[in-house]
Amino acid sequence: MKYFRSDPARTQLGLAYGPSALAYLDAHPDALDYIEIPFEQLRHTPDAGALQAHMPLVLHCASVSVAGTVAPSADTMRAIADAAERLQTPWVGEHLAFVSAEPLGGETEADRDPTTLTYTVCPQLSEASVSRVVENVAAARRQLGDTPLLLENSPQYFEIPGSTMPMSDFIAAVFARCDAGLLLDLTHFLITCLNTGADPERELDRLPLSRVVEVHISGLSVQSGIAWDDHAVPAPPQVFELLRRVLRDVRPQALTVEYNWSAAFPQPILHRHLLRVRELLEAA
Ligand SMILES: [Fe+2]
């Protein structure tokens with residue numbers, strides 16, 4: 001089995017699990033340091049973990065719902081902790097978002113179960129949300145044992161009702177009070193700036209960059225005037241510029257390129273973008 005090893009002098013470079021990542025791995029067996037695999041994938045198809053015979057796996061997760069009011073089940077938290085131990089993942093990366101909501105409250109038994117949104121949703125950006133995240137992260141940390149937790153910034157698509165602060169202040173407030181590292185998704189960050197009219201340079205200065213452990217890069221697409229997260233298209237040039245800027249301040253332990261929503265992401269672009277990222281890491 002292969003296990004992720006941090007190297008203070010060299011950022012580890014990985015791809016998010018998916019058909020294009022597996023195809024790339026076949027063609028370039030020595031070009032990657034790890035594959036980032038979703039807990040939900042491993043839970044659904046445990047055989048996917050067999051990849052660890054050839055490549056270290058880092059656990060990503062969209063089940064803890066740290067910014068929500070509905071806690072994950074004890075079974076789910078136990079399964080995440082078990083997967084983390086089995087993989088010897090350096091951390092569990094989770095979204096600073098919610099994926100479960102209150103039951104619909106109808107007549108049937110299913111209506112009395114929490115509503116699973118199947119998509120990580122950006123929370124209200126307020127002090128109340130910060131306090132909720134602080135409590136939920138503390139509970140998750142107790143259940144995960146020694147495995148560190150990273151929180152990934154959400155993309156913001158619209159002004160969230162009841163919000164009292166911009167995303168950068170929300171993130172800073174959460175990290176001031178939470179025992180967690182920052183998984184900085186530069187595309188989510190850019191999407192948030194584009195959709196809220198914020199200046200990326202100024203917002204970056206307000207983020208707790210010293211807490212960055214891992215960076216994500218993916219694509220975005222603009223529909224009806226709104227920028228959306230899109231892992232099926234290449235990252236735009238601004239994302240690489242943001243990476244160059246972030247690397248002036250911080251040396252992340254890992255950088256994951258997430259081109260995992262397409263079964264046939266163009267391999268030449270994937271290869272070129274990995275080379276570009278490596279180049280930026282080496283120049284920093
Ligand atoms: Fe991400």
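This report describes the barrel, the helices around it, the nonpolar core and a few individual residues of a predicted model.

Residues are numbered from 1 along each chain as its sequence is written. Because the model is predicted, local features need pLDDT of at least 70 and side-chain atom pairs count only at pLDDT 80 or more, while totals for chains, interfaces and linings use all residues.

## The barrel

Helices (H or I, at least four residues) and strands (E, at least two) are DSSP runs, numbered from the N terminus. Two strands pair if DSSP finds at least two bridges between them. Eight strands close into a barrel, in the order 1-2-3-4-7-8-9-12, and their pairing is parallel. From one strand to the next the twist averages 30°. Angles run from 0 to 180 degrees between N-to-C directions, with axes fitted as lines to C-alpha atoms, for helices over the stretch in contact.

Helix 6 (residues 186-196) lies across strand 8 (181-185) and strand 9 (212-217), running at about 65° to strand 8.

The expected span of a helix is 1.5 Å times one less than its number of residues. The table sets out two helices in these terms.

| Helix | Number of residues | Expected span | Distance between end C-alpha atoms |
|---|---|---|---|
| Helix 3 | 14 residues | 20 Å | 20 Å |

A residue is buried if 20 or more other C-beta atoms lie within 10 Å of its own, exposed if 12 or fewer, and partly exposed in between, with C-beta atoms placed from the backbone. In helix 3 (residues 74-87), the buried residues are Ile80, Ala83, Ala84 and Leu87. Seen down the axis of helix 3, these residues fall within an arc of 100° and so line one face of the helix; the arc is that of the directions from the helix axis to the C-beta atoms. An α-helix has 3.6 residues a turn, so residues three or four places apart point the same way. On the face of helix 3 turned away from the buried side are the exposed residues Ala74, Asp75, Arg78 and Asp82. The buried residues of helix 3 pack against helix 2 (39-44), strand 3 (57-61), strand 4 (92-95) and helix 4 (127-144).

Helix 4 has Ser129, Val130, Val133, Asn136, Val137, Ala140 and Leu144 as buried residues. Down the axis of helix 4 they fall within an arc of 135°, so they too line one face. The face turned away from that side carries the exposed residues Glu127, Ala128 and Arg142. The partners of the buried residues of helix 4 are helix 3, strand 4, strand 7 and helix 5. Just after helix 4, glycine 145 takes a positive phi of about 65°.

The buried residues of helix 5 are Met167, Ser168, Phe170, Ile171, Ala173, Val174 and Phe175. They pack against helix 4, strand 7, strand 8, helix 6 and helix 7.

## The nonpolar core

A nonpolar core is a set of buried Ala, Val, Leu, Ile, Met, Phe, Trp, Tyr and Cys residues joined through C-beta atoms within 7 Å. The largest has 75 residues, and Leu59, Leu149, Leu151, Val174 and Leu186 have the most contacts inside it. Helix 5 (residues 167-177) supplies the largest share of this core, six residues. Two residues are in contact if their C-beta atoms, placed from the backbone, lie within 7 Å. Leaving aside neighbours within four places in sequence, leucine 151 is in contact with Val66, Glu94, Leu96, Val174, Ala180, Leu182 and Leu183.

## Individual residues

Glutamine 88 lies in the loop between helix 3 and strand 4. Its phi is near 50°, a positive value in a residue other than glycine. Glutamine 88 is partly exposed, with 16 other C-beta atoms within 10 Å.

Strand 10 (residues 219-223) and strand 11 (residues 226-230) pair in the antiparallel sense over five bridges. They form a hairpin with two residues between them, and serine 224 in the turn has a positive phi of about 50°. Serine 224 counts as exposed, with 5 C-beta neighbours inside 10 Å.
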